[in-house]
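Subject: The structure I promised you

Hi,

Here is the structure we talked about, so please open it and keep it beside this email while you read.

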Amino acid sequence: MGDNKVLLTIAAVSVAAYLIGSISPSTIIARLRGIDIKKEGSGNAGTTNALRVLGGKAAVITLAVDILKGTASVLLASCLTGEPEFGYFACGAAFIGHILPVYYGLKGGKGVAVAFGGLIGVNWKLALLLLLIVAIFTVISKRMSVGSIAGAASAPLAAWVLEPSFLPFVSVISLIILIKHGSNIVRLLRGEEPPMSIFEKKKSGDR
């Protein structure tokens, strides 16, 4: 494949993945209910705020679709080009599409779920390892933000071991996720970060 063709392919793959990543299931579900999710709860379009504002079913749909966006983008790129490395660009583009969606004024989520979906397409072992890290820290802390931060912080080292060629992409994605969680980190340091609603319910015994 010539250099020009490679660049054109990367551009086409990236644009397609970006447009896929820009789809926001929580925003769509909220609008169907007459709600602007960017003005409710934490103001984030991700799964945690969908759970808080829209309920469990909407949160599950949001999580599933966001993961699928990342996985589908990577697999589509790999299948169309026959080159697994193009999936790296697709993963990054879908991630950027999620946090800066063209359909919603460049105001999206924090990108954790779509990044995880992309990792599934790139290297499922890497994805499962990071999922385990996220789950452990989330359960221990009862805060999804802690799990997401721990997963992002661990991702470069995990990629270096399991998928070295993906390390530059993972490092950039992880850094962006950590930056997007800046307000969460501040609240954690102040002891002001609220637990996930599912843990609050269990604690209060409401249901």
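Let's start with helix 3 and helix 4, which are roughly antiparallel to each other. This is a predicted model, by the way, so take everything below as describing a prediction. Helix 3 covers residues 47-54 and helix 4 covers residues 56-81. Their axes are 7 Å apart and meet at an angle of about 160 degrees. Angles over 145 degrees count as roughly antiparallel, and that is why this pair gets the label.

Now for a second pair of helices, helix 9 and helix 10. Helix 10 takes in residues 182-190, and its axis lies 4 Å from that of helix 9, at an angle of about 55 degrees. This pair is therefore oblique. Here Leu-178, Ile-179 and Lys-180 of helix 9 meet Gly-182, Asn-184 and Ile-185 of helix 10. The class count for this contact is three nonpolar, two polar and one charged.

Next, the aromatic rings. How many aromatic pairs does the structure hold? There are five. One of them is Tyr-88 with Phe-169, a tilted pair with 5.6 Å from centre to centre and 55 degrees between the planes. The two partners come from distant parts of the chain: Tyr-88 sits in helix 5 (residues 86-99) and Phe-169 in helix 9 (residues 167-180), 81 residues apart. Is Tyr-88 buried or exposed? Its relative accessibility is 7%, so Tyr-88 counts as buried. Phe-169, on the other hand, is partly exposed, with a relative accessible area of 23%.

Phe-169 has another partner too, Phe-89, and this pair is edge-to-face, with the ring centres 5.1 Å apart and 85 degrees between the planes. Again the link joins distant parts of the chain, as Phe-89 is in helix 5 and Phe-169 in helix 9, 80 residues apart. Phe-89 is partly exposed at 32% relative accessible area.

Leu-167 is partly exposed, with 24% relative accessible area. Which residues does Leu-167 touch, once its neighbours within four places in sequence are set aside? They are Pro-156, Ala-159 and Trp-160. Leu-167 and Tyr-88 are 79 residues apart in sequence, yet their C-alpha atoms are 9.8 Å apart in space.

Most residues other than glycine have a negative phi. Leu-106 is not a glycine, but its phi is positive, at about 60 degrees. You'll find Leu-106 in the loop between helix 5 and helix 6 (112-122). Lys-142 is also not a glycine and has a positive phi, of about 65 degrees. Lys-142 lies in the loop between helix 7 (124-141) and helix 8 (144-162), and is partly exposed, with a relative accessible area of 41%.

Leu-75 is in helix 4 and counts as partly exposed, at 42% relative accessibility. From Leu-75 to Arg-31 it is 44 residues in sequence and 30 Å in space, C-alpha to C-alpha. Gly-92 is in helix 5 and is buried, with a relative accessible area of 16%. Buried means under 20%. The C-alpha atoms of Gly-92 and Asn-123 are separated by 14 Å, and the two residues are 31 apart along the chain.

Cheers

Notes. Residues numbered from 1 in each chain as written. Predicted model: local features only at pLDDT ≥ 70, side-chain atom pairs only at ≥ 80, totals over all residues. Heavy atoms only, no water. Axes fitted to C-alpha atoms, helices over the stretch in contact; angles between N-to-C directions. Helix = DSSP H or I, 4+ residues; strand = E, 2+ residues; numbered from the N terminus. Parallel < 35°, antiparallel > 145°, perpendicular 65-115°, else oblique. Phe/Tyr/Trp six-rings, centres within 6.5 Å; stacked < 30°, edge-to-face > 60°. Buried < 20%, exposed > 50% of the residue type's maximum accessible area, 1.4 Å probe, protein only. Contact = heavy atoms within 4.5 Å. Nonpolar A, V, L, I, M, F, W, Y, C, P; charged D, E, K, R; others polar.
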